[in-house]
Amino acid sequence: MIKVKWFGHAAFQVSIDSKTFYVDPWISNPLSPVKGLPEAEPDYIIVTHDHGDHLGEAIEMLKKFSKAKLIGIYELASYVAEVLQDQTRVIGANIGGPIDLGEGYKAILTPAFHSSGRGAPTGVVFGKPGKFVYHAGDTGLHYEMKLIGDLYKPTVALLPIGGHFTMGPEEAAYATSLIRPKYVIPMHYGTFPVIKGTPEEFKEHLRKLNVEVNVIVLKAGEEYVITD
Ligand SMILES: [Zn+2]
């Protein structure tokens with residue numbers, strides 16, 4: 001079972017069987033219906049890069065949820081450990097190295113074409129074989145996405161479609177053709193006027209490319225459950 005809840009922007013809560021992850025938890029983004037911190041206790045909080053709209057409330061959440069650990073690129077994880085004065089709350093890693101989370105779960109930071117202050121920007125694949133979720137982070141289109149599709153066969157891809165800072169609808173549709181997930185959920189659009197790509201444009205480009213995929217368009221605060 002994979003449960004995906006979108007808070008708007010790049011912020012997600014994803015449960016894969018018994019483990020719960022938050023990714024890029026900017027829960028206070030303008031689209032989000034959640035005020036304050038979320039209720040559900042996560043096992044892991046994954047942050048793809050240190051821009052404020054992705055680091056979001058990660059540090060406050062680590063303070064609230066004492067068992068949760070942050071997963072991120074080494075320099076970002078070290079920064080968070082320093083803020084918390086606790087090295088045990090973070091798992092710093094690097095791109096392409098499988099991180100063993102126990103019980104068959106793993107996370108792999110993936111390349112992202114973007115910028116960041118601390119360490120390299122990333123995407124992330126997480127879950128377990130047959131139940132992987134790929135969150136692309138903030139990125140332009142890149143061909144590594146084909147390798148991610150070949151190797152991890154993600155069930156779900158969470159892709160930015162807004163344009164300007166990341167892929168727009170056309171690039172995201174091409175990305176979907178490289179990754180070949182069963183489900184794709186568009187994100188990182190509509191938060192600010194400049195990230196103006198829409199799910200309708202994304203679907204139109206998928207049709208032009210003849211990509212077979214289930215497009216799940218969530219409203220901020222909405223959850224989608226995959227049982228197969
Ligand atoms: Zn960014």
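The paragraphs below go through a zinc site, a group of aromatic rings and a surface patch in a predicted model. Local features need pLDDT of at least 70 and side-chain atom pairs count only at pLDDT 80 or more, while totals for chains, interfaces and linings use all residues. Residues are numbered from 1 along each chain as its sequence is written, and side-chain values use heavy atoms, with hydrogens and water left out.

The zinc ion is held by H49 through NE2, H51 through ND1, H114 through NE2 and D138 through OD, at 2.1 to 2.5 Å. Donors are N, O and S atoms within 2.8 Å of the metal (3.2 Å for Na, K and Ca), and sites may look incomplete because water is not among the atoms. Along the chain the donors have the spacing H-x1-H-x62-H-x23-D. Two of these residues, H51 and D138, link distant parts of the chain, 87 residues apart. H51 sits in the loop between strand 4 (44–46) and helix 1 (52–55), and D138 in the loop between strand 10 and helix 4. D138 is buried at 3% relative accessible area, whereas H51 is partly exposed at 25%. Here buried means under 20% relative accessible area, exposed over 50%, and partly exposed in between (1.4 Å probe, protein chains only).

The geometry of the site is irregular, because the four donor atoms subtend angles of 86 to 170° around the zinc ion.

The aromatic residues come next. The structure holds nine aromatic pairs, that is, rings of Phe, Tyr and Trp (its six-membered ring) with centres within 6.5 Å; planes under 30 degrees apart count as stacked, over 60 as edge-to-face and the rest as tilted. F21 and Y105 form a tilted pair, with centres 6.5 Å apart and planes at 45°. F21 belongs to strand 3 (residues 19–23) and Y105 to strand 8 (residues 105–111), so this pair ties together parts 84 residues apart in sequence. F21 is buried at 0% relative accessibility, and Y105 is buried at 2%. F21 also forms a tilted pair with F126, at 4.8 Å centre to centre and 50° between the planes. F126 lies in strand 9 (residues 122–128), so the contact with F21 in strand 3 spans 105 residues. F126 is buried at 0%. F21, Y44, Y105 and F126 make up one aromatic cluster.

How values were computed: Tetrahedral: all angles 85-135°; square planar, octahedral: opposite > 155°, others 65-115°. Helix = DSSP H or I, 4+ residues; strand = E, 2+ residues; numbered from the N terminus.
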